[in-house]
Amino acid sequence: MAPSTDPQPSTQHVADSHGLIRVHGARENNLKDVSIEIPKRRLTVFTGVSGSGKSSLVFDTVAAESQRLINETYSAFVQGFMPTLARPEVDVLDGLTTAIIVDQKRMGADPRSTVGTATDANAMLRILFSRLGQPHIGPPSAYSFNTASVRASGAITVERGARKAQKATFSRTGGMCTRCEGRGSVNDIDLSQLYDDSKSLNGGALTIPGYSTDGWYGRIFSGCGFFDPDKPIRDFTERELHDLLHKEPTRIKVDGVNLTYEGLIPKIQKSMLSKDVDALQSHVRAFVERTVTFTVCPDCDGTRLSEAARSSKIEGISIADACAMQISDLAAWVRGLAEPSVAPLLTALRDTLDSFVEIGLGYLSLDRPAGTLSGGEAQRTKMIRHLGSSLTDVTYVFDEPTTGLHPHDIQRMNDLLLRLRDKGNTVLVVEHKPEVIAIADHVVDLGPGAGTAGGTVCFEGTVEGLRASGTVTGRHLDDRAALKKTVRTPTGKLPIRGADAHNLRDVDVDIPLGVLTVVTGVAGSGKSSLVHGSIPAGEGVITVDQSPIRGSRRSNPATYTGLLDPIRKAFAKANGVKPALFSSNSEGACPTCNGAGVVYTDLGMMEGVSTTCEECEGARFQAAVLEYRLGGRHIGEVLAMPAAEAEQFFAAGEARVPAAHRILTRLSAVGLGYLTLGQPLTTLSGGERQRLKLATHMADDGGVYVLDEPTAGLHLADVEQLLGLLDRLVDSGKSVIVVEHHQAVMAHADWIVDLGPGAGHDGGRIVFEGTPADLVAARSTLTGEHLAAYVGA
């Protein structure tokens, strides 16, 4: 390398002076004119209680504007295919770089989406098998369970110059199993759950939700002529029963109206079974779970692939075998392949699989359905494509990357964040864990409270400065829960025998009842498999997991919890009118905005414009409805109340509504007293949604509560409140089983079940059962060592 003869500049080059991301006047969601400067090429951690505005600042302001500006560099044609992003509510945003967002949104719950298809590992494997597999069966699509084989022939007319009909044939070889259509499972419908065969259709034989014979279905059944609607179904002929259950769509005319008749089973499959079960209404979901049994496809044995795709092998391994391997084992197998003709492909595949192992997901397999990954696993899976990237000067934005991680795994995640920073990138992390806050170069603490009580910057500076700052986060940063001096005595036990879901090894364990039990262990050790796969989901077992709450911008805490029903009835009774008037989704809705409060104008590839409705001024109700009062307030004012204020409002006096008061008490108990009743669900953080779900389930008549990482998204100060809530549940006679990594929850438990010792096929065994004090004294497991260090034993 030739020596440089240029004199060293004494002053800084102007291009090197842009070392800050400057945010001025941010007002997104609950932010109150926030102005901060974030250093580039450093690790900045954003802290604050749940709902204080961290995500609004990092994701909805900084990252959103970066993505919007990048999208604007594409042509209008390309932008037409991309999501349209509005400019955030902010005065100045300077110094932005390209943002890569790694959030906790669950991967698609489509049954055909797997870990392999979501990370491109499957795509590389398919190419590998199409080049090296013996016997050779075709191109990469021949190994894809998402591609069906197609054959076609006939005449085509090409409209070019002189029109000419040509004979053409077309074929495509796919790898999809024809029986299960690439899903790996087939469903059987229990006919006894569809109808009561002792009754006729007109006599109310159908037990399918929404299939009443009073309306359209009655007209179709009575007018189709395929069977007698007054005859009991058990007396139907074989032909009549076939027409009722399986008939293909057929045009019929009833009372001069053209209608389509279709058999019950294809109609149910289209309207209910083709959708994600979790997205269905609760009564429809209960019907589907009661009626449909999913069994492993007998033709492909759950591999999703056709026989031809499974017959092609490399060194005795088919693509189905490769996808079923634990990724750490698959990486070792790929490393053993030495074939110069596909060397670049093998290198890329090895790097991808090694990234899985490095990030702590080596225990997964590529055929694992993407919808079964936890939020933390989904986030780490998205990180994989960025680990080996040569890009620098990029802004990486992470949303609680330690969610679902055992204390043992958090150190590995910290190393990854520091590596990304050391390559010259800006790393922004929203996080509550003290172990991650400790490695920050710069800390921004938002608060002081949540919702309307938050949205301001309480502290900016170093970790040491945060400790001395006196903010909520600073005061609780060094909190350590102590072991309980006495533990509760179990009132019974829930026996689990021979549990073998996923990686469990014929586990036998007795879960004590009437106490707080914590199931713990490193990520991938089998905790969720044991709790969700082995505890019978029968009567009395209430599960509150991390699956997202689905809802549009019309959904809010009042509609989700069922709070709006008693409120509407109380308003109707007090004013002598119909309850439907007090719903913005029904008769009381403002006709101009249809009860949305805003009017949306779609501008194609440009950002859409939403303007406050001029007629109702954002109140969402007709003016006449707002004339009706309860306790001096109209329905719009009630929906604008925080839950804590509404709890007092409905407690006594003219506005006393015991049913509403009970629900609001539960909202306050889970720490959501600051949420306004009409706040759209789409604006809630992940932690807020899970606690909203918990508040809703607290009313259920269950004896056993199963909670999946309830501390996810909770600030250190909120964990104390959660422990108090768990204590109240147990003291009221409930049994609480918590899958958790947080040491404060472990220390507070009456009984601990620790799985391990490792992840994947290195886990799946019970390594400890007993009290937290015994676990700390023994220090025989990774959990025991970390818990002992946490409590200072």
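Author: Two strands pair if DSSP finds at least two bridges between them. Helices (H or I, at least four residues) and strands (E, at least two) are DSSP runs, numbered from the N terminus. This is a predicted model, in which local features need pLDDT of at least 70 and side-chain atom pairs count only at pLDDT 80 or more, while totals for chains, interfaces and linings use all residues. Residues are numbered from 1 along each chain as its sequence is written, and side-chain values use heavy atoms, with hydrogens and water left out.

Six strands form an open sheet with mixed pairing, in the order E5-E14-E15-E3-E16-E17. Strand E5 (99-102) and strand E17 (456-461) are the edges; each has a single partner strand, so one side of each lacks a neighbour in the sheet. On average, neighbouring strands of this sheet are turned by 15° against each other, direction ignored. Axes are lines fitted to C-alpha atoms, for helices over the stretch in contact, and angles run from 0 to 180 degrees between N-to-C directions.

At the E17 edge, strand E16 (residues 442-447) runs antiparallel to E17 and is joined to it by five bridges. Asp 445 has Phe 459 of E17 as its bridge partner.

Helix H1 (residues 54-71) packs on the sheet and touches E5, strand E14 (395-399), strand E15 (426-430), strand E3 (43-47) and E16. Contact means heavy atoms within 4.5 Å. The direction of H1 makes about 135° with that of E5. Helix H14 (residues 407-422) lies across E3, E14 and E15, and runs at about 150° to E15.
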